[in-house]
Each structure stands twice: as C-alpha cells, then as structure tokens.
Amino acid sequence: MKIEVRGLTKKFGSGTAVGNVSFVVNEGELLGLLGPSGSGKTTVLRLIAGLEVPTSGDIFIDGKRVNDLTVQERNIGFVFQHYALFKHLTVFDNIAFGLKIKKWNRHDIEQRVLELLALMSLDGLGRRYPHQLSGGQRQRVAIARALAPRPSVLLMDEPFGAVDAKVRQELREWLIRLHTDLNVTSLFVTHDQEEAMEVSGRIIVFSKGKLEQAGSPADVYEEPATEFVARFIGSMNIVEGIVRRGQVQVGSLEFPAPGFSDGQKLQVGFRPYYVKVAEDATRYRQQAKLRHVYFLGVAYRLEIETADGLVLRSRMNKEEFRRYRFVVGQAVSFAVTHFRILPQESGGPSTDIEAGKPIPGPLTP
Amino acid sequence: MRWLLIGIVWLYFLVLLVGPILYMASQSFSEGLAAFWAEISRPEALHGFTLTAEITLIVLVLNLVFGTLTALVLARQQFWGRSLVSGVIDLPFAVSPVIAGFMLILLFGPDTMLGALFGQAHIKVLFALPAMILATLFVTFPFMVRELTPLLQTLGTEEEEAARTLGANEWQVFVKVTLPALRWGLVYGATLTVARAIGEFGAVLVVSGNILLLTQTATLHIYQSYVDFNYVAANAVALTLLAVSFAILTVLEIAKARAETTVAEAGAQ
C-alpha cells in the first residue's frame with residue numbers, strides 16, 4: 001500500500017525533530033530513509049507507525065488519512081532497532097503474538113507461523129527463546145513477527161544496526177530477496193549510506209529533521225542536491241573559492257563557473273575518482289605532494305597536498321596504482337576531470353560541469 | 001590461615017544462628033510433642049496465627065497493586081517531585097518501626113481531625129485491624145517498589161511498543177508483556193513483603209494494644225508468652241514462625257536465581 005506524508009512536523013519541547021517533511025512511498029517499493037543519527041528519520045518512522053503524534057501534517061496509508069487512528073488500528077508492521085522480541089515467549093509465540101491478538105483460530109496461526117519460519121530460514125527454531133538465537137536469527141524473528149498479521153506496510157528502524165558486518169551483508173541480500181518475493185511496501189531507516197544504496201530502490205536523505213533529497217541511489221550519488229548530501233553520500237572533495245572572470249579560483253585551481261557573477265563565493269565538489277594523479281610532474285597541469293597512501297581493499301586512496309596547503313583525496317583502482325611507483329612524500333601532478341558547483345545554502349539546482357578539457361590522458365573515468 | 005578464617009565463619013554462624021535455633025527447638029519439645037502441639041493449637045496461638053496471616057495477605061495484595069503502580073510511575077513518568085518520592089520510599093527502612101507505629105497513634109488519635117472523623121463514623125482504626133494493616137504496610141512498602149523499578153527501567157518500552165504495533169490494547173500490553181517481564185521481580189518482592197509482614201513486631205505492638213484474642217498477632221503472642229514465663233508456648237510458636245520464614249526464604253532464593261538469569265538474558269539481547 002502507498003504511504004504518503006504531507007507537511008509532517010514533530011516538535012519535542014522547543015526542538016524540532018521533523019520539520020515540514022513531505023514524501024511518498026509507492027506501492028510495493030523498498031525505500032530507505034538515510035541520515036546521520038539525530039536527523040529525525042526514526043521519528044518519521046514512528047510518526048507513520050502511530051507511536052508518536054505529529055505536531056502538524058498529515059499521514060496517509062493507502063490513500064486514507066490515518067492521523068486519528070491509533071497504532072493498533074493502522075495495521076503496520078514495525079521492526080525495532082534492538083528487535084524488542086518478547087523474551088519470555090518462544091520464537092513461535094513471538095511470531096504468533098499479533099495473530100492471537102487478532103483472534104485467528106489455532107489452526108490458521110500454526111500454519112501462518114510455520115510458513116513464516118520457513119520463509120525466514122528459521123525452520124526448527126520455533127521452540128527456542130530469543131536469548132538462544134544469534135543476532136541475525138533474532139532479526140529475522142522480528143521481521144517474521146511484524147509480517148505475520150499481514151500488515152499493509154512494513155517499517156524497519158535500523159534493521160541491520162545491531163549485527164556484525166558479515167551478518168549484516170547476508171541480511172541485506174536476504175532482505176532484498178524477501179522484498180522481491182513479498183512485495184510489501186517497505187520503509188527502512190539507516191545511517192549507513194552503503195546499506196541504503198544497496199538495499200533501496202529509492203533513497204530519501206535527511207538532515208536535522210529536513211528532507212534533503214529523494215531519488216534513486218545513482219541520482220543521489222551522482223547529483224547531490226545539497227552540500228549536505230554531497231558530503232554525506234560517499235566521499236567528496238569540497239573546496240571553496242571566489243568567482244573571477246567566470247572561474248572559481250581555489251589557490252592555483254580554476255573551475256569554470258559560467259553564469260555566476262564575479263566576487264561570488266562558491267563551493268565546488270568532486271569525487272576522489274575524478275582526481276587523476278601521476279608521478280610524472282608534467283603529466284597533469286597541477287602540482288602537489290603525495291602525503292599518504294591508504295589501501296582500501298578494492299582500491300587505493302591517495303592524499304595529496306598542493307603548495308597552497310589544499311588537501312585533496314584521490315581514488316585509484318589497483319591496476320592503475322600498480323602502473324606507478326608512488327613514494328610517500330614525492331612530488332606528483334594532478335588534474336580534476338569532473339566537478340560540480342554545489343548549490344548555495346538558499347537552495348537552487350546544482351550545476352554539473354565537465355571540466356573544460358583538462359590535459360588529455362589515457363585514464364578516463 | 002585459610003582454615004582459621006573458615007573456622008571463624010563457622011563459629012560465628014553456629015553461635016549466632018544454629019545454636020539458638022537448636023536450643024529453641026529443644027526447649028519447644030522439652031515437655032514432649034504433646035505439649036508442643038497443645039501450645040500451638042491453643043485458641044490464643046491459633047488466633048495469633050490467623051491474625052498474622054490475615055494482615056500478611058491484605059498487605060501483600062495492597063503492596064502488589066500499589067507497589068507495581070508506584071514502580072511503573074517512578075520508572076516511566078517524569079513529574080515534579082519524582083526524586084522526592086523516590087527518596088522517601090526508602091524511609092521505612094531507616095525509621096524504627098516503633099516510630100512508625102507512634103506516628104499512626106498520633107495521626108489517628110481522638111484529638112486529630114482524622115481520628116475524630118473515623119470516631120464519628122464509628123470505625124475503629126487504632127487498637128484494631130486497620131491500624132495494624134497500616135503499620136505493616138508502612139514497613140513493607142519499599143520492597144515491591146525497590147524490586148520492580150530497576151527491572152522496569154532495564155526492560156524499557158520497546159517490547160510494549162512492539163505489542164501495540166501488533167494490535168494489543170493497553171490492558172493486553174500490561175498482561176501479556178509487562179507483567180511476564182516482571183514476574184520474578186514480583187515473586188521476589190512478594191516474598192520479602194510476606195517475610196517482613198509475618199515478622200513485624202514493633203510497629204504492630206504500638207498500634208494494636210496487644211489485646212488477647214483480638215489484636216494479638218503471632219509475634220505478639222510469643223512476646224506475651226515470654227513475659228508470662230510460658231517458655232514452652234513462646235518457643236513453640238516461635239519455632240513454627242521460623243519454619244514458615246525458612247520456607248519463604250527458600251522460595252526467595254529460587255526466585256532470586258531465576259530473576260538473575262532473566263536479567264542476564266535481558267542483558268544478552
């Protein structure tokens with residue numbers, strides 16, 4: 001079922017946890033609410049569930065305004081960050097809880113629970129207690145319990161926050177498969193941008209209770225709508241300079257900024273893999289010193305510093321890195337092949353600009 | 001050295017606990033089993049046991065209800081004067097029971113408004129069951145609250161919220177989630193309350209007037225028999241109370257072990 005929120009606002013005392021937020025979760029979609037801790041994303045989830053009462057704004061589930069419905073009446077499935085399994089009940093009784101409340105008959109309850117145990121790869125664990133399960137298993141019991149009464153929407157708060165890295169990866173893949181199979185409209189909250197990118201069809205980025213950007217993972221990554229998104233999603237070099245003769249001047253670096261008037265202060269952002277670095281001091285136009293090399297497993301990250309003291313990050317894949325013989329401390333040349341003028345605080349679209357023909361090289365992104 | 005320390009502990013234990021109990025037991029039966037039985041089945045003794053049981057039961061029920069309620073409010077609600085209430089709850093531990101009894105005497109005396117009010121309504125509070133219940137309530141109130149408040153704080157509200165998202169109403173949440181999570185704490189608190197209520201002497205002595213066959217509880221009966229040089233009666237009733245207390249203590253130990261594993265499970269989650 002479709003979820004829609006319009007102008008949703010929640011104030012706690014004098015603070016605003018959620019400020020005038022509007023968005024839609026389409027039927028059957030798996031959407032991630034992404035933001036740092038304290039950005040209000042969990043509050044949005046709790047407002048939709050009915051666990052919190054909005055200060056203003058409307059919430060619609062399946063086209064029906066649910067503001068005045070209690071949490072019990074909203075027919076949502078909620079997965080809590082720390083699972084919140086009933087410790088005194090077995091796995092079976094945990095999953096059956098909502099069905100007993102809704103007075104299903106015993107036969108149907110048993111069928112439904114067994115069906116979910118199989119779906120969640122929890123066969124044979126029905127008689128265990130929560131403390132006898134691994135973190136990943138508890139997580140799946142929590143999802144099974146939420147799904148049991150066939151909720152119209154599934155809301156998950158940091159669903160993978162409390163398990164270790166390896167299990168987290170398995171759970172992500174498992175959740176994507178589960179969603180493909182069940183196709184229940186799902187909304188989940190995460191602070192992990194990689195997780196949001198991998199799992200969701202669409203992402204909504206939050207910061208300080210405000211919606212920063214909504215879009216596909218690729219959109220949000222490649223075309224960040226605000227400086228916050230640019231900084232928060234992936235890694236980005238962000239430099240600031242003043243426009244002179246149509247160019248943003250940042251030390252010896254120049255970025256064409258057509259349409260901006262002289263004297264304006266602008267921020268320019270570029271991803272590390274758009275910073276090309278070579279040992280040969282004449283290969284690229286800009287000069288710098290190699291400060292550090294970090295091994296990232298699939299790639300290397302190089303940290304370089306210009307004569308003006310500007311520190312930039314570059315990313316290079318292994319094959320490319322091996323072609324050079326970098327020594328920390330040596331002089332290198334570099335170029336920025338692709339950058340974006342970041343939107344101003346007042347908003348406005350960000351402008352994507354291909355760097356005006358840098359020194360051509362064999363290494364195109 | 002090690003044996004010396006263990007020896008000291010044993011000696012202390014023997015002198016302080018085992019010795020007196022064994023001696024008391026031997027004295028109870030010094031005039032035979034028949035005399036022992038006669039003493040504990042005398043109308044005065046039976047009345048004492050019944051009265052103690054009545055007071056204990058009423059106090060237990062009241063503490064279960066109001067103790068749980070107080071713990072819920074203290075653990076879950078933020079309100080003006082919360083820390084004051086929280087501090088005052090321990091007061092009965094610090095105040096002598098005799099003082100507690102004396103306070104009730106003053107409060108319900110014929111010269112006070114409260115005393116006059118009950119007097120006009122012909123409800124006898126002092127030197128009757130109501131005052132004895134109030135006195136016992138005063139000394140036992142902290143047990144439940146002190147046991148349940150930390151449990152509730154550890155439990156948090158997520159499980160209750162989970163139950164609500166699954167359609168449970170407030171009563172179902174309380175019965176199916178909150179109470180089961182508190183069950184061993186309730187058992188533990190109830191056992192302490194019962195043990196204390198059975199053994200209470202000072203506060204009850206002051207407010208009851210110790211009237212034979214009317215307001216004389218089991219502990220008061222022991223005291224009275226002792227004062228009257230009826231040592232067999234004092235010993236026999238005391239031994240019976242001791243046996244009950246020992247049984248309660250055993251239940252307490254089992255509950256404590258279970259409560260600890262529950263907390264450990266909660267910690268593991």
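**Figure 1. Aromatic ring pairs in the predicted model.** Over all chains, the count comes to 18 aromatic pairs, where rings of Phe, Tyr and Trp (its six-membered ring) pair if their centres lie within 6.5 Å, and planes under 30 degrees apart count as stacked, over 60 as edge-to-face and the rest as tilted. The centres of the A:Phe228 and A:Phe232 rings are 5.3 Å apart and their planes stand at 15 degrees, so this pair is stacked. Both residues belong to helix α8 (residues 227-232) of chain A, where, being four residues apart, they are separated by about one helical turn. Helices (H or I, at least four residues) and strands (E, at least two) are DSSP runs, numbered from the N terminus. An α-helix has 3.6 residues a turn, so residues three or four places apart point the same way. A:Phe228 is partly exposed, its relative accessible area being 22%; buried means under 20% relative accessible area, exposed over 50%, and partly exposed in between (1.4 Å probe, protein chains only).

The model is predicted: local features need pLDDT of at least 70, side-chain atom pairs count only at pLDDT 80 or more, and totals for chains, interfaces and linings use all residues. Residues are numbered from 1 along each chain as its sequence is written, chains are lettered from A and ligands numbered from 1 in the order in which they are written, and side-chain values use heavy atoms, with hydrogens and water left out.

Figure 2. Which element of chain A holds A:Tyr300, and which holds A:Phe321? A:Tyr300 lies in strand β17 (residues 299-305) and A:Phe321 in helix α9 (residues 318-323), 21 residues apart, and the pair thus links distant parts of the chain. The two rings are stacked, at 3.8 Å centre to centre with 10 degrees between the planes. A:Tyr300 counts as buried at 15% relative accessibility, and A:Phe321 counts as buried at 15% relative accessibility. Ring pairs join A:Tyr300 and A:Phe321 with A:Phe295, A:Tyr324 and A:Phe326 in a cluster.

**Figure 3. The loop residue A:Ser152 and its contacts.** A:Ser152 is placed in the loop between α4 (135-147) and β7 (153-157) of chain A. A relative accessible area of 14% makes A:Ser152 buried. Apart from neighbours within four places in sequence, A:Ser152 is in contact with A:Met1, A:Ile61, A:Arg74, A:Asn75, A:Val184 and A:Thr185; contact means heavy atoms within 4.5 Å.

**Figure 4. The open four-stranded sheet of chain A.** The strand order of this open sheet is β2-β1-β4-β5 (chain A), and the pairing is antiparallel. At the edges stand β2 (15-25) and β5 (64-65), each with a single partner strand, so one side of each is left without a neighbour in the sheet. Two strands pair if DSSP finds at least two bridges between them. Seven bridges join strand β1 (residues 3-12) of chain A to β2(A) in the antiparallel sense. A:Glu4 has A:Val24 in β2(A) as its bridge partner.

**Figure 5. The β12-β13 hairpin of chain A.** Strand β12 (residues 247-250) pairs with β13(A) in the antiparallel sense over four bridges. Two residues lie between β12(A) and β13(A) in this hairpin, and A:Gly251 in the turn has a positive phi of about 60 degrees. The bridge partner of A:Gln249 in β13(A) is A:Glu254.

**Figure 6. Helix α9 of chain B.** How many of the eight residues of helix α9 (residues 158-165) of chain B are buried? Seven of the eight are buried, and the helix is mostly covered. The buried residues are B:Glu159, B:Glu160, B:Glu161, B:Ala162, B:Ala163, B:Arg164 and B:Thr165. The secondary structure of chain B comes to 13 helices and zero strands, and of its 269 residues 40% count as buried.
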